[in-house]
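The exercises below are worked through one at a time. Each has a task sentence and then a solution in steps.

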Amino acid sequence: MTGLSSLTTAQLEALEAELARDFELQRANRVKLDLTRGKPAADQLALSDPMETVLDGSFLAADGTDARNYGGLRGLPEARALGAELLDVDPARVICWGNSSLTLMHLVVDTAMRFGLWGDERRWNRHDRPKLLAPVPGYDRHFSLSASLGVELVNVPMTDHGPDMQAVLNLVRGDGSIKGIWCVPKFSNPTGCVYSDDVVRALAQLPKQAAADDFVVLWDNAYTAHDFDFPGIDLLPIMPEADREQTADHVVSFASTSKITYAGAGIGFVAATEAVLRVLEGRMGYFSIGPDKVNQLRHAKFLAGRLDAHMAQHAALIKPKFEAVEAALREGLAELGVADWTTPRGGYFVSLDTRPGLATEVARLAAAAGLSLTPPGATFPYGKDPDDRNLRIAPTFATLDDVKVAMKILVLCVKLASLRGEISTRKESAAP
Ligand SMILES: Cc1ncc(COP(=O)(O)O)c(C=O)c1O
C-alpha cells in the first residue's frame, strides 16, 4: 500500500474489501486480548520476590527505629534516601508514605485546595473555579483526581519535549484562577516524551510568571527510573532550578516503586521544601500514626545501590514488547500515512494518533475483533478528545506473543477505519 491520497477511489474500494475480509477472518478467531493495562506483568513482579526475605528477621532501621512500631510520619531515612535518588532531591526534602504516589497527589491537591500548602491564606478555593493545566494527551487519573476535588482542567498541547510552554505562559500570565500544572517529565504517560532542559527550566520559572500567587508545579516523576537502556536518559532535575529561581516552595514532586517492585505493595514518595513538607505532615497526622515502615525497610535494603541493575531487568522483559509495537505500526501503517505514533525510550505507554475523528471507530472495530483498547478520550480531561484521534497503547501486561497478535488487529482496524473514512470523504466531496 502507498499513501491513501495517491490511490484512486476504485483502488481504495478494492483494498477496503480485502481488509474487510481479513477483519472477518480475524473476528472468527474469537481472541480476547487487552492493551489497556498499564501495569507490570507477573514476570516483572517476580523480579522483586527476593525482597520477601531481605529483612531476615531484622527490623531495625539505620537510625535504630523499630520499623514494626508506630511513628515516623516522614518515613525511614533509608527509604527517604531511595526517594531522593529517584527524584534527584535532598533526602531531607522527601516524605515516604503509603503504597502509592497517587494518594500523595490527592493529599497535595486537597491540601492546596482547602488549607493551602504554605500555612497561610493562599488556598486554591479562594477562587470560585480553580484550575490546573493538563498537558494533553496525559494521565487520566491526574484529571479525575483533580475533578473529584473541584479543580477544573484546562488542556494545553504536549510536544515531543514537554508541554507547549508558550501556550502555558499565555494561559498562566493572565489568569489567577490557574493554580498549577500536571507534569510527567520523564516518559510521559502516554506519549513517552522526556522534557527538555529548556522546558524544565521554563517550568521552574513558571510560578514567578503566573498570575496566581499559589501556583504549583505538580511533578509526577512516575517513570524516572524506567529506561529501556542503561545508562538511562538524564532529566534535568527541577529542584536546583527552582531553588535558583526561588520558586522551590511551588514545586511538589512525586514518585513510587509501583512499577519498580510491586504495583500495590510498593512505597510512595512526595518531595517538596521544608515549608510544604511541614504542612503536608500536619495534614497526614490526622489520618496516620505512621506509614508501613517494614515495607520501607524491605524496599530500601532490596534496592540500595542496585536500582539501575534492577530496572535493567525490567527493561529486558518489556523492551521487546515495545519493539513489537513499533515494528507493527511501522510495517503496517508508515507507508499509508494514516497515523502518527511515539517511539518511547522508556516508560509504560505508546501514544497513537489516528486521522481525526477515527479513534472511537478504531476502538469499536478492535473490540469487535476481540481486542480491548483504553477508551478513546481517556487521555484527555473529562474523557473528551476534541479531535477523537488519540489511543493509548499499554503493552507491558500482555505476553509478547499476545502483543504481536493484538498489534496486528490494531493495525488492521486503523487501516480499515482510515480507508472507509477516505472513501466516504471522497464520496461526500464528489456529491453535487
Ligand atoms: C504518570 C503516572 N503517575 C502515577 C501513577 C500511579 O502511581 P502509583 O501507583 O504510585 O499511585 C501512574 C500509573 O499508571 C502513572 O502513569
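**Exercise 1.** In which loop is Arg-30 found?

Solution. This is a predicted model, in which local features need pLDDT of at least 70, side-chain atom pairs count only at pLDDT 80 or more, and totals for chains, interfaces and linings use all residues. Residues are numbered from 1 along each chain as its sequence is written, and side-chain values use heavy atoms, with hydrogens and water left out.

Step 1: helices (H or I, at least four residues) and strands (E, at least two) are DSSP runs, numbered from the N terminus. Step 2: Arg-30 sits in the loop between helix H1 (9-28) and strand E1 (33-34).

**Exercise 2.** Is Arg-30 buried or exposed, and what is the phi of Arg-30?

Solution. Step 1: buried means under 20% relative accessible area, exposed over 50%, and partly exposed in between (1.4 Å probe, protein chains only). Step 2: Arg-30 counts as exposed because its relative accessibility is 75%. Step 3: the phi of Arg-30 is near 50°, a positive value in a residue other than glycine. Step 4: most residues other than glycine have a negative phi.

**Exercise 3.** Which residues does a cis peptide bond join, and where are the prolines found?

Solution. Step 1: most peptide bonds are trans. Step 2: Val-136 and Pro-137 are joined by a cis peptide bond, with omega about 0°. Step 3: Pro-137 has its place in the loop between strand E3 (131-136) and helix H5 (140-148). Step 4: a cis peptide bond, again with omega about 0°, joins Phe-230 and Pro-231. Step 5: Pro-231 lies in the loop between strand E7 (216-220) and helix H8 (238-245).

**Exercise 4.** Which residues touch the most other members of the largest nonpolar core?

Solution. Step 1: a nonpolar core is a set of buried Ala, Val, Leu, Ile, Met, Phe, Trp, Tyr and Cys residues joined through side-chain atoms within 4.5 Å. Step 2: the largest one has 110 residues, and Tyr-195, Leu-203 and Leu-329 touch the most other members. Step 3: helix H13 (residues 400-430) gives the most to this core, with 13 residues. Step 4: another core, of 33 residues, lies apart from it and includes Trp-124 and Val-252.

**Exercise 5.** Where does Ala-359 lie, and what is in contact with Ala-359?

Solution. Step 1: Ala-359 lies in helix H12 (residues 359-368). Step 2: Ala-359 counts as buried because its relative accessibility is 0%. Step 3: contact means heavy atoms within 4.5 Å. Leaving aside neighbours within four places in sequence, the contacts of Ala-359 include Thr-354, Pro-376 and Asp-388. Step 4: Ser-418 is 59 residues from Ala-359 along the chain, and their C-alpha atoms are separated by 10.0 Å.

**Exercise 6.** How many helices and strands does the protein chain have, and what share of its residues is buried?

Solution. Step 1: the protein chain has 13 helices and 13 strands. Step 2: of its 432 residues, 55% count as buried. Step 3: the C-alpha atoms fill a box of roughly 75 × 55 × 35 Å, taken along the principal axes.
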